[in-house]
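The following exercises concern a two-part reading of a structure: contacts between chains, then the architecture within them. Each task is followed by a worked solution.

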Amino acid sequence: MKAGIVLFPGINRERDMAIALTLASGSKPRMVWHKETDLSGLDLVVVPGGFSYGDYLRCGAMAAQAPVMRAVRDFAAAGGYVLGVCNGFQILTEAGLLPGALLRNAGLRFLSMDCHLRVERSDTVFAGHYQKGQVFRSPMAHGDGNYIADPATLDRLEGEGLVAFRYATPQGEVSEAANLNGSARNIAGIYSPNLRILGLMPHPEDLVDPLMGGTDGKPLFDGLAAAFAQAA
Amino acid sequence: MQRQVDQSLAAEFGLSAEEYANVLEIMGRTPTLTELGIFSVMWSEHCSYKSSRVWLKQLPTKAPWVIHGPGENAGVVAIGDGLAAVFKMESHNHPSFIEPYQGAATGVGGILRDVFTMGARPIANLNALRFGNPSAPGTRRIVDGVVRGIGGYGNCVGVPTVGGEINFHPAYDGNPLVNAMTVGIARADRIFLSAAAGVGNPVVYVGSKTGRDGIHGATMASAEFGADAEEKRPTVQVGDPFTEKLLIEACLELMETDAIVAIQDMGAAGLTSSSVEMAGKGGVGIDLDLDAVPQRETGMTAYEMMLSESQERMLMVLRPDRQELARSIFEKWELDFAVIGHLTDTGRIVVRHQGAVEADIELAPLADKAPLYHRPTAETPKQPALAAARIEDRVGLGRALETLIACPDLCSRAWVWNQYDSTIGGQTVKRPGAADAAVVRIEGHARALALTTDCTPRYCAADPEMGGMQAVAEAWRNITAVGARPLAVTDNMNFGNPERPEIMGQFAAAIRGMAAACEALDFPVVSGNVSLYNETRAPNGEARAILPTPAIGGLGVLDDAAKAVGMALSPWLDLVVVGATRGWLGQSLWLREIAGREDGAPPPVDLAAEKSVGDFVRAQIQAGAVRACHDVSDGGLLVAVAEMAMAGRVGARVPAGPRDIPSHAFWFGEDQGRYVLAVPDAAAFLRVAEAAGVPAMKIGTSGGQDLTLPDGGTISVASLCAAHEGVLPALMERAG
């Protein structure tokens, strides 16, 4: 698998992402500086977490205008695979690659804790190593993860099966109590209509090593590595 | 318009009449405003340690693994694999009272710079916090702001906040303590220092632009608070963690080259202290041209630029032939880069601005003739040891336990930790609350660091010497409890007004106790910070000091991160207490929270026993014989067992203790040097302990959903957790 990790000033989870991708695929991802525009040869573009441009305007809004994002849009338009995590998800929504927006958490506080995610479909390159309906644990760490979109968009996402993960209890119940940041319909991650772009708020890349408390996040990267190993 | 420089202006700047007379003697003339500013900040308590230096010298600072002790930006110890840990703790108490969010945020930013300026990538933050009475009106605002500030800065720069501690006591009502600690990792042979060298070498300013924020912050931090605290708000700096993140990456990238001769962050007293200290340490002179300083505001004077404490700035001396390489790296990271001067052979600091010489001071006397005070000390009166048998238990074990685990000093801190990113970096082996020390693996290595901060201020108030000793011992114990080898500490000495003999007496005694413990435990002090004048003057003129709080930041190493143990119980194990239990109730939380008394001598620390018990526990963990371990500290034995049960969401059965100690004293006494271990087979374990000459006894077994108490009562772990975890959210999130 040839993955590229896009770096904006203020991105800070690129190392975590590189560790997870390398662990799963055996090959180190390429770091792509925000001024670069050549993404050729990549199977997967990852926009990692952090505070691009300090999140001083609106989370992801500045990064969405960077030169590399034009290349990411072209890459996606050509059917390329894109993963955006946390600030990366925010950037993808700001760039118009995914619908909706991420608002301040409902409790108005930064939340750093484990959450549980229910897998809504497993027939994608991202979720192929999970089972549909499976619940996995993942760290999350964000102040603005409260997913929102207009009701028509939410209905469309659900109707077209584009909800990737929902916040759930460890038993898999999609409830208000499990919805830590107040996201609409407990949505933690969504796909593009062609299922090749995934944006999600939690950090599965931080739970890929038993020493760090578990490997619940690893199947996501194993699935990607397997999909692109076959493709190669 | 500039004020005339005279003794009254010097007094406003915090210089005493005697100190100002010294300035006149050194200068041989009336100093300029800028010169007076430079003297006043360099000779402030904050920068000169004038009241504390004589005592700090007593602390042991050496060990074979110490690479750099006190005197550099941070302490450096070798941890194996050719790596070094770089760490320090520093206070931001005064700013955090005036403006909690920015005060705490810039505290985190400042300590991060102290660490990466030495060439280390920061891998962990911790913070030791003390707040006032939790139900007092101002406390909630301060807690909220400080926690948001620490999170806001640390989360954005992308360094995990993995540990720390919080106490509440009315003595901190007008004077919260915010002590921030950063730990970084560097190659042991690539440590960057601050001593300037090479006459003619360029002096380079990088980072944020200079503004008028924080002028005279160091002087503010060297005075007590009166009713005008609110008016001091402009002396608090504003943090920009985004720029700090860029500065970290740019500096570390430049440090991969051979461009840097010397580097120091611009912390307290900004450009003044960085330039004076770098040139002073290197025995060279320095010429600064302030016209070249990147400025955020127009019309700034030399005085303002020299004293500004604008954040996220560094000063470097570069090899001239690497200047353009360095410039290109900082331009890539979109940070200011300006050559603002050069080194000279004059031994003087010369500051030019708009064609005029605004300051010209000989550096040697600025350092050598800095004030040094042997302030009078008064010993804290000793309190009698309390006889446990004479203190009646009117409550019983179950109710006392429920009260204790929900009291402000023992209730769950999850509400705070959950606002700090503790997993970023992907190396956090033991997150906050999972173990006695945070455990962070070093990326690409099996090795991990064990990190903790500790101090028990109520012990320090009752007996500062024993309290100082206990703070060091507890840090050593917490590192031991995860199976790590303790290496060194950083200290953050928070005290009241040193001009009062009883306060200076507390300071001196605490240092004595710390020195004894550091010596006995082979646990030297490699860096530190002193914060004095933590007092608030009440409207009636009475000075109210904080409890003496010598906060200790401890660092240890695990050669194999996989051997770390946490405190969470799992079912069907035996519980063993290692270390002697005598039932010491003086200064215990049981005494305060249940009996309503805050008296008696604190529990004594037996340093020889501490060492032998700790070495035994560590060896057992390393041998794989221990499934969970938790030191016995605040609240005593039963609280320790309950904390292990809550962490694992597993019950335990603890039968009656020995008959010769009253039950409440056995279960809630705070005898030092003890650990509760969960082991597969107590009988076998006790034989090993006996052979090692270490006191140990079985106190129970784990399993089920309930905690079954020695008196036969039961409490469900779920209800304990609910009580334990509900306190801070209820205090902090209540409406109105």
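**Exercise 1.** Determine what area is buried between chain A and chain B, and which residues of chain A lose the most.

*Solution.* Step 1: about 2,700 Å² is buried between chain A and chain B, and carbon and sulfur atoms give 50% of this; buried area is the accessible area (1.4 Å probe) that two parts lose on being put together, summed over both. Step 2: on the chain A side, A:R109, A:L211 and A:M212 lose the most area to chain B, together 26% of what that side buries. Step 3: 31 residues of chain A are in contact (heavy atoms within 4.5 Å) with 36 residues of chain B.

*Conventions.* The model is predicted: local features need pLDDT of at least 70, side-chain atom pairs count only at pLDDT 80 or more, and totals for chains, interfaces and linings use all residues. Residues are numbered from 1 along each chain as its sequence is written, chains are lettered from A and ligands numbered from 1 in the order in which they are written, and side-chain values use heavy atoms, with hydrogens and water left out.

**Exercise 2.** Describe the largest nonpolar core and the contacts of A:F8.

*Solution.* Step 1: a nonpolar core is a set of buried (under 20% relative accessible area, 1.4 Å probe, protein chains only) Ala, Val, Leu, Ile, Met, Phe, Trp, Tyr and Cys residues joined through side-chain atoms within 4.5 Å. Step 2: the largest has 103 residues, and A:F8 and B:F330 are among those with the most contacts inside it. Step 3: helix α10 (residues 241-255) of chain B supplies the largest share of this core, 9 residues. Step 4: leaving aside neighbours within four places in sequence, A:F8 touches residues including A:H34, A:V47 and A:I91.

**Exercise 3.** Is B:N175 buried or exposed?

*Solution.* B:N175 is buried, with a relative accessible area of 1%. Its place is in the loop between β5 (161-168) and β6 (177-187) of chain B.

Terms used: Buried means under 20% relative accessible area, exposed over 50%, partly exposed in between (1.4 Å probe, protein chains only). Helices (H or I, at least four residues) and strands (E, at least two) are DSSP runs, numbered from the N terminus.
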